[in-house]
Amino acid sequence: MLYLDAGTTYSKIITDKNCFDEQFLICNKNDLFYYILPSSLIKSMELKPDACCGHMSEANENEIIALAKGAQKHDIEKDATVLDLGSRDAKWIRFKD
């Protein structure tokens, strides 16, 4: 399993395999590995993501929808605003009730 958010400068990856250099590992939680890598490295890899979004990928998920789905998996307040601040743009979503 590999999920990719391919940003302009950095890309975020969630995977069930410890398959990237430890310097890019952010955390290992619930048997998942969270990485942030320079997008220039991602371009040179032959990744086959199960789902992806972002500027630098052949996205199969809208970034705003992916942001909302990810946020809903966390214990957020009823009226919450979630922000994805990138190097080129910013996306936000507001939940009501």
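**Figure 1. Confidence of the predicted model by element.** pLDDT is the predictor's confidence in each residue, on a scale from 0 to 100. Helices (H or I, at least four residues) and strands (E, at least two) are DSSP runs, numbered from the N terminus. The protein has an average pLDDT of 86, and 97% of the residues score at least 70. Among the elements, the lowest mean pLDDT, 83, belongs to helix 2 (residues 63-72), and the highest, 95, to strand 4 (residues 32-38). The model is predicted: local features require pLDDT of at least 70 and side-chain atom pairs count only at pLDDT 80 or more, whereas totals for chains, interfaces and linings use all residues. Residues are numbered from 1 along each chain as its sequence is written, and side-chain values use heavy atoms, with hydrogens and water left out.

**Figure 2. Strand 1 and its two partners.** Strands are taken to pair if DSSP finds at least two bridges between them. Strand 1 (residues 2-6) runs antiparallel to strand 2 (residues 10-15), to which five bridges join it. A hairpin of three residues connects strand 1 to strand 2, and leucine 4 stands opposite isoleucine 13 in strand 2. With strand 5 (residues 51-54), strand 1 pairs in the parallel sense over four bridges; here tyrosine 3 stands opposite alanine 51. Four of the five residues of strand 1 are buried (under 20% relative accessible area, with a 1.4 Å probe and protein chains only).

**Figure 3. The largest nonpolar core.** A nonpolar core is a set of buried Ala, Val, Leu, Ile, Met, Phe, Trp, Tyr and Cys residues joined through side-chain atoms within 4.5 Å. The largest comprises eleven residues: Leu2, Leu4, Ala6, Ile13, Phe20, Phe24, Phe33, Tyr35, Leu37, Ile42 and Cys52. Strand 1 and strand 4 are the elements that give two or more residues to this core. Apart from this core lies another, of six residues, including Leu67, Ala71, Val82 and Phe95.

**Figure 4. Surroundings of phenylalanine 33.** Contact denotes heavy atoms within 4.5 Å. When neighbours within four places in sequence are left aside, phenylalanine 33 is in contact with Ile13, Ile14, Thr15, Asp16, Lys17, Asn18, Leu25, Cys27 and Asn28.

**Figure 5. The aromatic pair.** Rings of Phe, Tyr and Trp (its six-membered ring) pair if their centres lie within 6.5 Å; planes under 30 degrees apart count as stacked, over 60 as edge-to-face and the rest as tilted. The ring centres of phenylalanine 20 and tyrosine 35 are 5.0 Å apart and the planes stand at 70 degrees, so the pair is edge-to-face. Phenylalanine 20 lies in the loop between strand 2 and strand 3 (25-29) and tyrosine 35 in strand 4, so the pair ties together parts 15 residues apart in sequence. Both phenylalanine 20 and tyrosine 35 are buried.

Terms used. Buried < 20%, exposed > 50% of the residue type's maximum accessible area, 1.4 Å probe, protein only.
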